[in-house]
There are 2 protein chains.
Amino acid sequence: MALIVQKFGGTSVADADRIREVADHVRRCRQRDDQIVLVVSAMGKETDELLRLAAEVSPTMPGREVDMLITAGERKATALVCMALHDIGVPADSFTGSQAGFLTDTNHRNAKILDINPQRVRTAVDEGRVPVVAGSQGVSTGRDVTFLGRGGSDTTAVALAKALGADLCELYTDVSGVFTTDPRVVMSARKMSSISFDELLEMTATGCPKPAMRSVEVAGRYGVPLHIRSAFTWEPGTIVTQEDPTMEQAIVSAITPDDSEAKVTVSGVPDEPGIAARLFRALADAGVNVDMIVQNTSADGVTDISFTVPNEQVEVATAASQALGADIGALGVITDASIGRVSVIGAGMKSNPGVAATMFETLADAGINIEMISTSPIRISCVIAEDDLERAVVLLHSAYELSNSTH
Amino acid sequence: MALIVQKFGGTSVADADRIREVADHVRRCRQRDDQIVLVVSAMGKETDELLRLAAEVSPTMPGREVDMLITAGERKATALVCMALHDIGVPADSFTGSQAGFLTDTNHRNAKILDINPQRVRTAVDEGRVPVVAGSQGVSTGRDVTFLGRGGSDTTAVALAKALGADLCELYTDVSGVFTTDPRVVMSARKMSSISFDELLEMTATGCPKPAMRSVEVAGRYGVPLHIRSAFTWEPGTIVTQEDPTMEQAIVSAITPDDSEAKVTVSGVPDEPGIAARLFRALADAGVNVDMIVQNTSADGVTDISFTVPNEQVEVATAASQALGADIGALGVITDASIGRVSVIGAGMKSNPGVAATMFETLADAGINIEMISTSPIRISCVIAEDDLERAVVLLHSAYELSNSTH
């Protein structure tokens, strides 16, 4: 008998039929003697609709009230899923984030979990009932309702699995697992049967949309095994676990494309200690999420600093950079929104130094110019022209023979 | 400076424009130095829509989950009203029923308030903020979310006004006050500037749709002054207070029509002690809300018992009566759904015995047959044919000279 936390995303509970299918799946799992805890997101596009309504009423949308509003979406979904379970003879209780014991900080619209006391959830499980927990929400230290942010239901599920000591956390979604690359770009993209937390984290950090990066981080930190799978085909998906040191690692596991960022270059920056610190402090103060950072070698005492930011933050980032650039006597600020980033990810590259060379050669042979490079022990990312992005992904997927890999 | 609890019904917050109008009204009230506490219902027809969704998912609709689902409606409305207030510079905080301190019993879909601890609401008021409380909800002694039932937002407002020691409870709605009768039936129906709790209670008990009867009961018991008024015209409405013994009472204040009930007659019942008790216990056990009860004089040791029930309960009531009728040897059960009830209400009739005679004469002169009669110290109700109902209301409104009354 295993205790399994199952999270169902918005498309998985989008209408009455889908909700009944989820309930039926839970019934089957219980027949196999598993204990099930459910976490559900708001139905379909409901969160978007609530935000649209808020924007219609209010230009300022105060955070506390936005959270009160949008958490209603998950709450509705939990109640409806419970009703569907009752109807097929499965006893079930819905719980808000607060009732499920999620204590968060007071950072509205993007609250962080501080502690979980899932006593009511555990009691329900012990009594043979199915707790259905509203995803992405909690109650703050100030006793206000909080929202954990978009994709927060994945985090709820993983954190709850950890708190309950669950055997497995299943993230049901509208894709059937984690692929070697975006199957819309590369037709031969292959679903991986397993992947390590570190690899998946690098993938989600570089444009792989599901699951939410934060949930992978939490799962990795606490060693909560994940199973990313489809609520439409119900076929086995991708298992995510700690890297097994005895296991033969694939050198490269996946290629991720990302066209969601823009590049900002501050040119002619005096090459003095503390200049970069001042720039990135100014950007942080403006709320800009800087991703990649590259500083060129100094020539004649001046240098260029380039960084990438989400497309929607490019104007704020440019303004902040120009203000500081004027202060420090930089030459200017250049913005390029038409960039793409392609990343090669694989736990095995730690012990295989040729991976980067293959990547650069593949791009060079195709006449694709590399504008920025950044690396981690298990990832290499190159910023290239957005127009070259899909071509780069196809070529790299083939260069690392991912379609034929037995990984 | 007065502390006023203002309740806004579903039509008053039906869309973004209406919500902004409510916020603007609150701003004006604060400029007059009043302290405002808001209670809001779900937007427009949202509660109906949520119930439709529940019925689509689930034929059984378990109470705990239905409450979790529909209370999301009021919650959304509070958040949106707060946003609109923020935008015009009025600090405001939304509170769920639980956050506002409403403790209820565990009777889902129709929970009763056990206690109110409105500490967070009071603190907000003391800090110069506007608390916006979700109507018709609370948290049960079992720590589950509960719904107080349709029309429960009125009860929330009245109970909160009592708990806060507010000076006044204003119930904003889509009518401009309480009328001498239904203005759709009698064109000369007149809005009353004031009425007593007892009279309004009799009116709501006999078909006057607003405010909810339960809230009038609570307001009367605790002496919370009510002002029933329009959120569309914003004109002064009807003040409801304790009856002032020094005040000259109008003999008759209002005529109410009611076509929502059906009549059930159990005929040939043995006239023995305990028979009626067994019948109404059986009906109570079947969940039937019996309203009027009339037992005819016994003839030959058998009698007829007639009672009225809401139209939607007539089948349950008939089945329960037939089962018991067979047991006790009754002759049969006759059902008549096409009845109407007309009631004459007035605090002054206590000291004016001619009121009933006028009512019976008026109906007799018009050839309208009276099937059942029931009275209270300030009300006389007659059950007549449904087809005669509107005619009876027009004639009685005129007979008691309500259009010209200076009440």
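The legends below accompany close-up views of a predicted model.

**View 1. The predicted complex and the confidence attached to it.** The model shown here is predicted, and for the complex the predictor gives an ipTM of 0.75 together with a pTM of 0.81. Within chain A the mean pLDDT is 91, and 97% of the residues of this chain reach 70 or more. Where pLDDT is low, the predicted coordinates should not be read in detail.

**View 2. The two domains of chain A.** Chain A is divided into domain 1, which covers residues 3-174, and domain 2, which covers residues 244-407. Taken over C-alpha atoms, the centres of domain 1 of chain A and domain 2 of chain A are separated by 35 Å.

**View 3. The axis that relates chain A and chain B.** Two copies of a chain are related by a rotation about an axis and a shift along it.

**View 4. The contact between chain A and chain B.** The contact takes 29 residues from chain B and 29 residues from chain A. On the side of chain B that touches chain A, at least two residues are supplied by each of α1 (16-31), α2 (46-57), α3 (63-87) and β3 (92-95) of chain B. The largest share of that side comes from α3(B), which supplies 15 residues. Of the interface residues of chain B, 100% are also interface residues in chain A, so the copies meet through the same surface.

**View 5. Helices α2 and α3 of chain A.** The axes of helix α2 (residues 46-57) of chain A and helix α3 (residues 63-87) of chain A come within 9 Å and cross at roughly 150°. Because angles over 145 degrees count as roughly antiparallel, α2(A) is described as roughly antiparallel to α3(A). The crossing of α2(A) and α3(A) is right-handed. In this contact, Glu46(A), Thr47(A), Leu50(A), Leu51(A) and Ala54(A) of α2(A) meet Val66(A), Leu69(A), Ile70(A) and Gly73(A) of α3(A).

**View 6. Helices α6 and α7 of chain B.** In chain B, the axes of helix α6 (residues 197-205) and helix α7 (residues 213-222) come within 9 Å, and they cross at roughly 160°. The helices α6(B) and α7(B) are therefore roughly antiparallel to each other, and their crossing is left-handed. On the α6(B) side the contact is made by Phe197(B), Asp198(B), Leu200(B), Leu201(B), Thr204(B) and Ala205(B), and on the α7(B) side by Met213(B), Val216(B), Glu217(B), Ala219(B) and Gly220(B).

View 7. In chain A, a cis peptide bond with an omega of about -5° joins Lys210(A) and Pro211(A), and Pro211(A) is found in the loop between α6 (197-205) and α7 (213-222) of that chain. In chain B, the peptide bond from Lys210(B) to Pro211(B) is cis, with omega near -5°, and Pro211(B) is found in the loop between α6 and α7 of chain B.

**View 8. The backbone at Asp33(A).** Although Asp33(A) is not a glycine, it has a positive phi of about 75°. Asp33(A) is found in the loop between α1 (16-31) and β2 (35-40) of chain A.

**View 9. Helices α10 and α11 of chain A.** The axes of helix α10 (residues 354-365) of chain A and helix α11 (residues 389-399) of chain A come within 10 Å and cross at roughly 135°. The helices α10(A) and α11(A) are therefore oblique to each other, and α10(A) passes α11(A) in a right-handed crossing. The contact is made by Thr358(A), Met359(A), Thr362(A) and Leu363(A) of α10(A) together with Ala392(A), Leu395(A), Leu396(A) and Ala399(A) of α11(A).

Terms used: Residues are numbered from 1 along each chain as its sequence is written. Chains are lettered from A and ligands numbered from 1 in the order in which they are written. This is a predicted model: local features need pLDDT of at least 70, side-chain atom pairs count only at pLDDT 80 or more; totals for chains, interfaces and linings use all residues. Domain bounds come from an automatic or database domain assignment. Two residues are in contact if their C-beta atoms, placed from the backbone, lie within 7 Å. pLDDT is the predictor's confidence in each residue, from 0 to 100. Axes are lines fitted to C-alpha atoms, for helices over the stretch in contact, and angles run from 0 to 180 degrees between N-to-C directions. Helices (H or I, at least four residues) and strands (E, at least two) are DSSP runs, numbered from the N terminus. Angles under 35 degrees count as roughly parallel, over 145 as roughly antiparallel, 65 to 115 as roughly perpendicular and the rest as oblique. A crossing is left-handed if the near helix is turned anticlockwise from the far one by less than a right angle, and right-handed if clockwise.
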